[in-house]
Amino acid sequence: MDKNVWVALQIVGMVVTVVSAQAVIRLLIDHRKSQLWGLFDWVPGGWTGQLVAFAVTTVLGIVVAGRANDKVKALEA
C-alpha cells in the first residue's frame, strides 16, 4: 500500500483512540449519561458492558495507529 494510505489509517486510529478514551473517562465519571450520542447503548451488560466495549475500542485504535506508524517508518527507510 501507498504511504498516504498508511498515514490516513494512522490518523483514523488516533481519532478512534481519542474519542473512545474520552468516552471511557466520561463513563467512569457519569454512569447514567449516554456516551457518544448513544452509539454504544445496544451493548449488553449495562454500564460494565459499555465500559468494556469502549476500552476494547480504545485498544483497537491504539493498535491500528501503532501498526500504521510502523509501516510509515518502514516505507521512509
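Modeller: A nonpolar patch joins Val, Leu, Ile, Met, Phe, Trp and Tyr side chains within 5 Å, from residues with over 30% relative accessible area and no salt bridge (a Lys or Arg side-chain nitrogen within 4 Å of an Asp or Glu carboxyl oxygen). This is a predicted model, in which local features need pLDDT of at least 70, side-chain atom pairs count only at pLDDT 80 or more, and totals for chains, interfaces and linings use all residues. Residues are numbered from 1 along each chain, and side-chain values use heavy atoms, without hydrogens and water.

Biologist: Which residues form a nonpolar patch on the surface?

Modeller: The patch comprises Ile-11, Met-14, Val-15 and Val-19, which together have about 320 Å² of accessible area (Shrake-Rupley method, 1.4 Å probe, only the protein chains shown counting as cover). Val-15 is found in helix H1 (a DSSP run of H or I, at least four residues, numbered from the N terminus).

Biologist: Is Val-15 exposed or only partly exposed?

Modeller: Buried means under 20% relative accessible area, exposed over 50%, and partly exposed in between. Val-15, at 48%, is therefore partly exposed.

Biologist: What makes up the largest nonpolar core?

Modeller: A core joins buried Ala, Val, Leu, Ile, Met, Phe, Trp, Tyr and Cys residues through side-chain atoms within 4.5 Å. Here the largest has nine residues, among them Leu-27, Phe-40 and Phe-54. Helix H1 (3-29) and helix H2 (46-76) each give two or more residues to this core.

Biologist: How many aromatic pairs does the structure hold?

Modeller: Rings of Phe, Tyr and Trp (its six-membered ring) pair if their centres lie within 6.5 Å; planes under 30 degrees apart are stacked, over 60 edge-to-face, the rest tilted. The structure holds one such pair. The ring centres of Phe-40 and Phe-54 are 4.5 Å apart with planes at 40 degrees, so the pair is tilted. Because Phe-40 lies in the loop between H1 and H2 and Phe-54 in helix H2, the pair ties together parts 14 residues apart in sequence.

Key: Buried means under 20% relative accessible area, exposed over 50%, partly exposed in between (1.4 Å probe, protein chains only). Patches are made of residues with over 30% relative accessible area and no salt bridge: like charges are joined within 9 Å, nonpolar side chains (Val, Leu, Ile, Met, Phe, Trp, Tyr) within 5 Å.
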